Amino acid sequence: MREFFMVRGRRLSYLDFGGLGTPLLALHGHYNEASAFAPLAEALAPQWRVIALDQRGHGESDRAQCYERDDYVADVAAFHRHLDIGPVAVLGHSLGGVNAYQYAARQPDRVRALIVEDIGAVVDSDWSFTLRLPHHAPSRQDLVAALGSTAPYLECSFRRSGGGWGFSFDIEHTVASQKALNGDHWQDWAPVACPTLLIRGTRSDELAAAHAGEMITRRAGKARLAELSAGHVVHHDAPAQFAVAVEDFLSDPG
């Protein structure tokens, strides 16, 4: 079910996949939105109730004036407050992964378990791909053709408007968000207190094996690593294995 709430005059959207299970908050990456977690929600039901946020500038949520780190983390906190639930497990992919571990570091009493999908404690994003995205295509087929092999990763964000097809995010806003995501975030990763699962795609061009290993080492036994045969979007490339890794961790976070 899609629902909305207001934060400082902006409307944010989220999908509550429903059920009576334990809530799991999910935060998507760039180019995606809450609906990207539909397969995971189905795989984890009925034990887990996935509630996924359309982060600022994405999906059905309003565009924003700013996409800095503190802004995203404040949105996650407002989302959590709106749901009126206690400490929860939080899962985030890429952009959402940094947002998730920064939220866990800054509000440790609100996050009881953390899952970070394929993003590091140091981020150096290349937004050249974003700048090459088509702003408009006359048909859905044309948009798919323009995107080539990347189309399946973006299709949840396809939107029809004004007689053509585009995305549920603005390209310029995404570039601003990617620029603000870049940087050294060790000061937020290292002090996270809750049990953490870091999931890495073995074919990822975003999270290198050595960096993932250092992230686990710096958490001194409070984090574990799962490596799956996938690219950067592990939940898309290996959905069944991803769901198993998430469920196994949540059932026994340690």
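In which helix is the place of V144? I found V144 in helix α5, residues 140-147; helices (H or I, at least four residues) and strands (E, at least two) are DSSP runs, numbered from the N terminus.

I noted that this is a predicted model, in which local features need pLDDT of at least 70, side-chain atom pairs count only at pLDDT 80 or more, and totals for chains, interfaces and linings use all residues. Residues are numbered from 1 along each chain as its sequence is written, and side-chain values use heavy atoms, with hydrogens and water left out.

**Entry on V144.** I looked up the exposure of V144 and found a relative accessible area of 31%. V144 is therefore partly exposed, a class lying between buried (under 20%) and exposed (over 50%), for a 1.4 Å probe and protein chains only. Leaving aside neighbours within four places in sequence, I found V144 in contact (heavy atoms within 4.5 Å) with A151 and F158.

I traced an open sheet of eight strands with mixed pairing, in the order β1-β2-β4-β3-β5-β6-β11-β12; two strands pair if DSSP finds at least two bridges between them. β1 (2-7) and β12 stand at the edges with a single partner strand each, so one side of each has no neighbour in the sheet.

**Entry on β11 and β12.** I found that β11 (residues 196-201) and β12 (residues 223-228) pair in the parallel sense over six bridges. L198 has L225 of β12 as its bridge partner, and I199 stands opposite A226 in β12.
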